[in-house]
Amino acid sequence: MRDNLIQIRSFGAGFYALRDSNGIHLIDCGFIGGVQMLHRALRKRGWGKDPILGIIVTHGHLDHILNVSRIAAETGAWIAAPRHDAAHYEGNPTYHGAAKVTGFLESAGRPVLGFKPFTTSRLLEDGDTMDVWHGLTVVHLPGHTAGHSGFYSHRLRWLFCADLFASYGGLSHFPPHFLNMDSKQAYESASRALELDLAGVLPSHADGASPEVHLQRLKKLVERQSGDMVKP
Ligand SMILES: [Zn+2]
């Protein structure tokens with residue numbers, strides 16, 4: 001199954017293409033240049049003629065959903081996305097507190113970058129399962145946004161963990177406060193994710209390390225953060 005996965009590292013958020021015997025499914029659709037990068041990556045792997053059947057969205061931030069409507073229109077793919085971020089898909093999210101900065105950046109970016117709202121075929125909730133890539137289960141990991149969700153493969157014990165953290169070697173970090181709806185809740189989601197039976201995690205903002213290495217980095221971050229929290 002490892003061979004049936006491509007990580008596409010577009011500017012901003014990266015995203016994933018998963019292939020099974022039915023065709024290809026995407027987890028998010030990347031940011032600027034994502035569409036071209038996707039087609040190039042699929043051709044390079046020899047998957048250029050395989051149908052793109054579905055798009056699974058991790059959360060409503062623009063760097064993850066910019067290309068969703070375009071790819072869905074081009075391919076006829078269905079869209080499944082977390083219920084609690086529905087306003088984002090309509091291009092109409094509300095941000096509070098420090099996250100208002102993100103709200104401002106996104107409202108400036110949507111028209112410039114040509115964001116088109118989209119309608120989902122399915123709104124996802126915690127525990128939902130999808131018959132994709134031998135089965136993925138939705139794990140609601142709120143805090144970064146209200147709907148922010150990961151997708152767990154029981155077969156590989158891997159979690160596509162979206163923006164739970166950014167994984168870049170010694171520079172791995174939790175998302176900055178202004179990108180989070182609720183940073184405390186986001187941290188709690190990170191430590192709760194580690195309670196899953198995990199062999200690896202696959203973040204959206206990451207270098208090309210293996211899922212196993214990303215998992216070690218997440219564990220270290222959570223340990224360090226819990227150390228900071230108990231300090232007087
Ligand atoms: Zn995000």
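Modeller: The model is predicted, so local features need pLDDT of at least 70 and side-chain atom pairs count only at pLDDT 80 or more, while totals for chains, interfaces and linings use all residues. Residues are numbered from 1 along each chain as its sequence is written, and side-chain values use heavy atoms, with hydrogens and water left out.

Biologist: Which residues coordinate the zinc ion?

Modeller: His59 (NE2), His61 (ND1), His144 (NE2) and Asp163 (OD) coordinate the zinc ion at 2.1 to 2.2 Å. Donors are N, O and S atoms within 2.8 Å of the metal (3.2 Å for Na, K and Ca), and sites may look incomplete because water is not among the atoms. Along the chain the donors follow the spacing H-x1-H-x82-H-x18-D. Histidine 59, in the loop between strand E4 (52-56) and H2, and aspartate 163, in the loop between E10 and helix H6 (183-193), are 104 residues apart, and the pair links distant parts of the chain. Helices (H or I, at least four residues) and strands (E, at least two) are DSSP runs, numbered from the N terminus.

Biologist: Why is the arrangement of the four donor atoms around the zinc ion called irregular?

Modeller: Four donors count as tetrahedral if all angles lie between 85 and 135 degrees; four count as square planar and six as octahedral if opposite donors are over 155 degrees apart and all others between 65 and 115; anything else is irregular. The angles here run from 89 to 171°, and the arrangement is therefore irregular.

Biologist: What makes histidine 59 and aspartate 163 count as buried or exposed?

Modeller: Buried means under 20% relative accessible area, exposed over 50%, and partly exposed in between (1.4 Å probe, protein chains only). Histidine 59 has 0% and is therefore buried; aspartate 163, at 6%, is buried as well.

Biologist: Why is the pair of phenylalanine 11 and phenylalanine 31 called stacked?

Modeller: Rings of Phe, Tyr and Trp (its six-membered ring) pair if their centres lie within 6.5 Å; planes under 30 degrees apart count as stacked, over 60 as edge-to-face and the rest as tilted. The centres of phenylalanine 11 and phenylalanine 31 are 6.1 Å apart and the planes are at 15°, so the pair is stacked. Phenylalanine 11 is exposed at 56%, whereas phenylalanine 31 is buried at 14%.

Biologist: What kind of aromatic pair do tryptophan 133 and phenylalanine 160 form?

Modeller: The pair is edge-to-face, with 5.8 Å centre to centre and 65° between the planes. Tryptophan 133 lies in the loop between E7 and E8 and phenylalanine 160 in strand E10, so the pair ties together parts that are 27 residues apart in sequence. Tyr16, Trp133, Trp158 and Phe160 form one aromatic cluster.

Biologist: Which residues lie closest to the centre of the largest pocket?

Modeller: The largest pocket holds about 370 Å³ of space. Of its 20 lining residues, His61, Asp63, Thr102, Leu179 and His205 are the closest to its centre. A pocket is an open set of points on a 1 Å grid over the protein atoms alone, where a 1.4 Å probe fits, with protein on both sides within 12 Å along at least five of seven lines; lining residues have an atom within 4 Å of a point. The volume is the space filled by probe spheres set on the points, which are joined across faces, edges and corners.
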